[in-house]
Amino acid sequence: MDFETTLTRLRGRIDPVLRCGGGLLWAFPLAGCSGVQSALDPAGGDAWDLYWLTIVMTVGATLIFVFVTALLLYAVFAPPERRAWLGTRRTIVYGGLAFPIVTLSLLLPYGLIVMRDVDAPQPGALQIEVIGEQYWWRVRYPAEGEQAEFSTANELVIPIGRPITVSVTAADVIHSFWIPNFGGKIDMIPGRINRFNFTAERPGIYRGICAEFCGAQHARMAFDVMALEPAEFDAWRRTQAQPAPEPAIPFLARGRDLFRSGGCGSCHVVRGTEANGQLGPDLTHVGSRRTIGAGQFPNNVGTLAGWIANVQQIKPGAKMPSYGSLTGEDLRAIAGYLESLK
Amino acid sequence: MTGRRTAQVLLALGGMFAWAVQFALIYGATSTLCGRGWADATLLAIGVVPFAILSTTLVTLVAAAILLIVSFREERRWRDQPSSTADAFLSQTGVLINGLSLIAILWNGVPAFILPACA
């Protein structure tokens, strides 16, 4: 078999693989372009500024890289008389000095202007406080006008069109607060308050994450972000400020009693009851949240029961112990009671 | 190394020294002034932090410009004397390094015009 035949056969085998692989190569990055947790799907003005900075830098860097690589190949493979111009003083001065100086002189102020304009505090911003804890988020909405203050956990509900200022800190170790669709990340440092400013422009559900390794369950420390129309947000805020509703049926009342007798209230708050613990998340309206376990599971009776019985298997290292000794009936009652706290 | 050669090397590297001095001074001054809570203090009607950055930048910029002019003269002097390779090389290096240092000093000073102090 001669060389040409071998090469042709080899190409015949490699080409389909390359076509398929090439498709996958495009599919993977494009799949990450949109969604609830993507910096490539901006949902606010600051996020758009960062997005365009990224695009300009990436596309520009790619074009320059391809151009320089082409020149390099030309310098290696072109006949000496044709590539001679590459080594002239003019080429070096214009291509090697003037071009990078002009490019960087344009990019530097552009980057600085983006840095100045994003994350700028705005008057009349809605104030929200978020405290990072291993491995969940304590979220507090301070009183504003006639609106009473309240706390929630693992969810950030915001109105669209209104500036938001999130003041962040941490209770134990350094965490980092990041909602990719709304802009840059900000460190949460114990003993220090940092602020993150943004405005949501598009209603929807987004996902925030901890962006600084904070312990064994760092990867399971996420939160939901709900950007609502202003009227919807006001209604949500009024509901959240209310105490927990009374159980509607005896089965749920049994759940509440088990919650009380099991000592859950020494770690959790349920406003309107004697449960006033401060170690764990506020559960006053836990039933209204989309997810449980800091963004780990959809919120329903089944996942709540699984969480209560098996938390140390699901999220080892979390401060809550597993209550695996509860009977199925008791577990269902407690989970039902929590799910009813809308 | 002879005294002339030492002077040539120092001339060729002078711009980088100016850049290093500017870098150290503006970072040091900004950290110290911001750390002491002087973000809003003013001097000659401008903020004390921008003042420190701009004055340092101006002084080092002038130094780098003078070095660049001297380097140009040296380069012109040795350009037509092919027998002295080392002199020609050092003078060309001086033009390049002092020119790039001048631009780097300018770039270092740009944030003072765009970013708020101590933000």
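Q: In this predicted model, what makes strand S2 (residues 136-141) of chain A a partner of S3(A)?
A: Two strands pair if at least two bridges are found between them. Four bridges join S2 to S3 in chain A, so the pair meets that rule. The two strands run antiparallel, and A:Arg138 of chain A stands opposite A:Ala153 in S3(A).

Q: Why is strand S3 (150-153) of chain A called an edge strand?
A: Five strands of chain A form an open sheet in the order S3-S2-S1-S5-S8, with mixed pairing. Strand S3 (150-153) and strand S8 (194-199) each pair on one side only, which means they are the edge strands. Neighbouring strands of this sheet are turned by 25° against each other on average, direction ignored.

Q: What makes A:Trp307 in H7(A) count as buried?
A: A residue is called buried if 20 or more other C-beta atoms lie within 10 Å of its own. A:Trp307 is classed as buried, and so are A:Leu304, A:Ala305 and A:Ile308, so each of them meets that cut-off. The buried residues of H7(A) pack against strand S11 (291-292) and helix H8 (328-340) of chain A.

Technical notes:
Residues are numbered from 1 along each chain as its sequence is written. Chains are lettered from A and ligands numbered from 1 in the order in which they are written. This is a predicted model: local features need pLDDT of at least 70, side-chain atom pairs count only at pLDDT 80 or more; totals for chains, interfaces and linings use all residues. Axes are lines fitted to C-alpha atoms, for helices over the stretch in contact, and angles run from 0 to 180 degrees between N-to-C directions. A residue is buried if 20 or more other C-beta atoms lie within 10 Å of its own, exposed if 12 or fewer, and partly exposed in between; C-beta atoms are placed from the backbone. Two residues are in contact if their C-beta atoms, placed from the backbone, lie within 7 Å.
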